[in-house]
Amino acid sequence: MTFHKSYLLRLLTVIIFGTLSSVIGVKAQPITELRVIGNSVPFYFNTMQQFQSGITLNDWTTIRIRFQITGKTAWQVVALAVDPSIEHQDGAHSIPLTNFTITINKSSITATNTVPSYTTPFTPTTTEIPLIWGAVTNTLQVVTVDFKISYSISLAGLGSLPDGRYYVPLKMELKEMP
């Protein structure tokens, strides 16, 4: 008798779960992951050469995105500067964003159907700027994209500034395109 009750209970569980799955529409959750390695962009000015020539941080940031688009097939990674200037560690001095440029290393892009928005250096702003975008043909496909970013800063025309650490916080976000 116990065997029959146990068997009946299991069968009832399968029927109830199967019915709920059909009604609720249970499906796998989409994967969305944006990893930024080297997202802090510090510039240390402590030599005369750095003040005269500026500083370039080649391939400083590696961005890896891994996602699955459930609706639309086009995607983009956008970036913006959190502050309107590059701040000095003392908080009293700053460098305008116009002296700062970002370059996407086109040869570092690992996925097909992916295009950088800029192939030459550009200056970020406090509004979103697309860095890279692409499209997928299969919305169930998991897409992984890696790319590297370089940064440059110049002090030309700024006069005298204190040496030390200057930094700019950047925000990056993965979005579906309209």
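Tutor: Let's begin with a term: a residue is buried under 20% relative accessible area, exposed over 50%, and partly exposed in between. Keep in mind that this is a predicted model.

Student: Thanks! Is Phe51 buried or partly exposed?

Tutor: Buried would need a value under 20%. Phe51 has a relative accessibility of 21%. Therefore Phe51 counts as partly exposed.

Student: How do the rings of Phe45 and Phe51 pair: stacked, edge-to-face or tilted?

Tutor: Planes under 30 degrees apart count as stacked and over 60 as edge-to-face, with the rest tilted. For Phe45 and Phe51 the centres lie 5.5 Å apart and the planes meet at 35°, so this pair is tilted.

Student: And what kind of aromatic pair do Phe43 and Phe100 form?

Tutor: Good one to look at! Their ring centres are 6.0 Å apart, with 80° between the planes. Since edge-to-face begins over 60 degrees, the pair of Phe43 and Phe100 is edge-to-face.

Student: How many residues apart are Phe43 and Phe100?

Tutor: Phe43 sits in strand 2 (residues 41-45) and Phe100 in strand 7. The pair thus links distant parts of the chain, 57 residues apart.

Definitions and conventions
Residues numbered from 1 in each chain as written. Predicted model: local features only at pLDDT ≥ 70, side-chain atom pairs only at ≥ 80, totals over all residues. Heavy atoms only, no water. Phe/Tyr/Trp six-rings, centres within 6.5 Å; stacked < 30°, edge-to-face > 60°. Helix = DSSP H or I, 4+ residues; strand = E, 2+ residues; numbered from the N terminus. Buried < 20%, exposed > 50% of the residue type's maximum accessible area, 1.4 Å probe, protein only.
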